[in-house]
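Q: Please go through the labels attached to this model and say what each one rests on. I would like the values set against their cut-offs.

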Amino acid sequence: MLSNQYTIIAIQQIINAGGNIVKDYNISTLLTDSRRISNPAGGLFFALSGRRNGHEFIAEAYAGGVRNFVVKHGTDIKAPESNFLMVDDVLAALQTLAAYHRNRFNLEVIGITGSNGKTIVKEWLYQLLSPDKNVVRNPKSYNSQIGVPLSVWQINEKNDLGIFEAGISTVGEIEKLEAVIRPTVGILTHIGPAHDEGFENRNQKITEKLKLFKNCRLLIHNYDQLISFQDNIPVESRFTWSTNFKQADLYVFSEAVVSKNYYLRARYKDAEIECLIPFLDEASVENAIVCWATMLALGYAPAEADDRIERLNAVSMRLELKTGINDCSVIDDSYNSDIQSLEIALNFLTQQNQHQKKTLILSDIYQSGLQADVLYRQVADMIKIKQVDKFIGVGEALMARQDYFDMPEKFFYPDTQAMLQHLRTLNFKGETILIKGSRSFEFERISRALVQKAHETILEINLNALLNNLNFYRSRLKQGVKVMAIVKAFSYGSGTFEVANILQYNKVDYLAVAYIDEGVSLRNTGISLPVMIFNPEASAFDKLIEFNLEPVIYSFGLLDEFITYAQEKNVLNYPVHLKIDTGMHRLGFEDFEIETLCDLLEANRYIRVQSVFSHLVASEAAKHDKFTKKQISNFETAYKQIELTLGYKVIKHISNTSGITRWPGAHYDMVRLGIGLYGIDTGMETPDTGLQPVATLKTSVAQVKKIKAGETLSYSRSGSLTKDGKIATVRIGYADGYLRAFGNGVGKMLVKGVLAPTVGNITMDMCMIDVTGIDVKEGDEVIIFNEQQRINDLATQIGTIPYEILTNVSQRVKRVYFYE
Ligand SMILES: *Cc1c(COP(=O)(O)O)cnc(C)c1O
């Protein structure tokens, strides 16, 4: 029996669950997401109730072949041949099972926590220690209450080192993760402001985090950070590092930049030692010092540590979705390859439906801890389940196992160079291509060949943040209230099908766009959700019906046109949405028209009213609350009359983003979520609680010039500096959406973390910023907005609203989506 295979009977005992076992099964896979079922026959589904009630997904998991479930006591579900283990707390049961599994193995386990750098330190230690150890670690940054048990579950008897990170957001969580990870060696990384809101103060947060180490024999940490905690450190042996204090075990006393490397010298055991770090940014240097300290603490010789650290590779935990050549989409995950992250990337591939054809380019996988035959069988099975149409295997190990792979098209090459030579015969066209390779295969070369060359100004969309925001708003809704996501105007400038596919996969109920052709594009890129069209044009009714899009009817004229059309085409019961004007005075039936409307609707066979809705004009603003209340009561009067006439229930909705947060009584059956998805909610008092910014607009420096006081620059000699200084010309202008209003010092951009004001007029493709005193050179990155300088701040600078800033980013600016 495999070491992580348990009978369901054994599991019932381990987690102390009730319920009758109707049939014994061998369980090897733990499942928590019904959309991501792998190995259903050996899978155990934990019906976690979080933002969504896990029990609703039992049916889906059952349909996917799962027969074993852990559910909360009292859940009444029957399914043939299935076992339901009953517990009080499903998450606790998952953790108990993982902790049991962990405790069967007597291996060294490094536990990492801190606010920043956990994932990088974990991945780097993996790079540094895997030459001599068989390492098991969290995939990506799976460090949550759910992610940690799933990570620990992978331990098998071949592993002799575990490296697990733990993330917490509030008090009481870390003990649970400690019990699952049971680290023997601890590492505390940088403590910063992340998750401060979950704790009374910074000290409480640190005290909590230290609890991870209560059973460790050794703790590695920054000396400075724990000075005031000396009495609370729960371990006997410590290894400290510092750049300030001589008494640290590793005292770094000199730092210098030597040709793109960071060169450190330190005192260690009364000797001087050195280390070259192949990164320059502050965070990477700190993380690398943590790794350095860890290697020394574990007994590596300084020379060996230096030698390995010098060869560290950048860690990219994110996969990026980009526009490819020949109408392809490229999912770039070219920096790491193991079976867990392959599964995550394949799930992402299946979410993106814009092209029917799905392609995977995969390299050999190293360090899996599995025998090659077993590993590649698993890989082949996984790829088959995920319905990859075209498979390209690169590497000797894959090449030797071509017959494992069974799909319409398959190709194998011994190395990356050979594959690139055959690029033309591979004939990539109109497909979604996932590129996934181990570091040494340098798959970034493949990515460069397949991705459309980006103009250097890009809008980055963080899909994790988008999902966070979706779930944030969901958590505000009563059970059963539907979510319509508004994706008009290229999803507020963020791109249509990429965002829409993610929303569809995450089960929003409806999408809405402004015009029929926007709806047609959604259909053409794999969207099967119902789609509402705010502003349907009569000239495109045939497309509307052909693509099964649902029009908003807002006037008698439109109603008449649509019914006439439906009559001609013999369309019956076509779903439509009625818009009521309760005060916006833009589109919609007014209160005095409702009666006539009802007369027209009565006994009309051509349409079926799917929903009745209205739009709040100032849901975000307290000073208009009286008006909002009036709108809500007008709406109630209108829909009641309409429902009475129709004789059936319709979906009722009035709340936009700020309506969700500020008007919980006005959610009715559905809410319409727009700008909140992008982390912006002008109705929230503290704008960032729980929301995450989604978009980053960045460009680069084209040239740097010295300017003397009084010299003028840009058109009409509009700009000048008051003292001698330096300007940088950057690659963004009003044609990219950086409006002229930002010129002459009104707008600012972030260069190396410092805000640099614009100088002179913004030109079409470029503009100038004052970088006096900032160390900047050609090619450096310049941020227009991100989580530091927010879209809200830009809106304030030029006296507009965030909606306009976001939707102004022109289509010439390439969108890159990433997902971690
Ligand atoms: C754009 C729009 C929304 C979304 O509004 P947000 O404030 O972005 O949430 C909702 N309803 C209608 C009718 C809209 O036009």
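Q: Which residues does UniProt list for "binding site"?

A: The unreviewed UniProt entry lists Arg586 and Met764. They are spread over 179 residues of sequence and also spread in space, with up to 33.4 Å between C-alpha atoms. UniProt positions are given in the numbering used here, feature names are shortened, and annotations may be inferred rather than shown by experiment.

Q: What kind of model is this, and how are residues numbered?

A: This is a predicted model, in which local features need pLDDT of at least 70, side-chain atom pairs count only at pLDDT 80 or more, and totals for chains, interfaces and linings use all residues. Residues are numbered from 1 along each chain as its sequence is written, and side-chain values use heavy atoms, with hydrogens and water left out.

Q: Why is Arg586 called exposed?

A: Arg586 has a relative accessible area of 52%. Buried means under 20%, exposed over 50%, and partly exposed in between, with a 1.4 Å probe and protein chains only. The value of 52% is therefore in the exposed class.

Q: Where does Arg586 lie?

A: Arg586 is in the loop between strand 27 (574-579) and helix 22 (594-601). Helices (H or I, at least four residues) and strands (E, at least two) are DSSP runs, numbered from the N terminus.

Q: What does UniProt list for Lys488, and where is this residue found?

A: The unreviewed UniProt entry lists Lys488 for "modified residue: N6-(pyridoxal phosphate)lysine". Lys488 is found in helix 17, residues 488-493. Its relative accessible area is 30%, so Lys488 is partly exposed.

Q: How many residues surround the ligand, and which are the closest?

A: The ligand is surrounded by 13 residues, and the closest are Lys488, Tyr492, Thr657, Arg672 and Tyr803. A residue is near a molecule if one of its heavy atoms lies within 4 Å of it.

Q: What classes of residue make up the shell around the ligand?

A: The shell has five nonpolar, four polar and four charged residues. Ala, Val, Leu, Ile, Met, Phe, Trp, Tyr, Cys and Pro count as nonpolar, Asp, Glu, Lys and Arg as charged, and the others, Gly among them, as polar.

Q: Why is Gln225 called buried?

A: Gln225 has 17% relative accessibility, so it counts as buried. Gln225 lies in the loop between strand 11 (218-222) and strand 12 (237-242). The side chain of Gln225 reaches the backbone oxygen of Thr189 at 3.2 Å.

Q: Is Ser130 buried or exposed, and what does its side chain contact?

A: Ser130 is at 11% relative accessibility and therefore counts as buried. A polar atom of the Ser130 side chain lies 2.7 Å from the backbone oxygen of Tyr126. Ser130 is in the loop between helix 4 (118-129) and strand 8.

Q: What is the phi of Lys140, and why is this residue called buried?

A: Lys140 has a positive phi of about 45° although it is not a glycine. Its relative accessibility is 5%, so Lys140 counts as buried. Lys140 is found in the loop between strand 8 and helix 5.

Q: Why is Asn744 called partly exposed?

A: Asn744 has 42% relative accessibility and therefore counts as partly exposed. Its phi is near 55°, a positive value in a residue other than glycine. Asn744 is in the loop between strand 34 (725-730) and strand 35 (748-751).

Technical notes:
A polar contact is a pair of N or O atoms within 3.5 Å; within protein, one must be able to donate a hydrogen and the other to accept it, and residues adjacent in sequence count only if both atoms are side-chain atoms.
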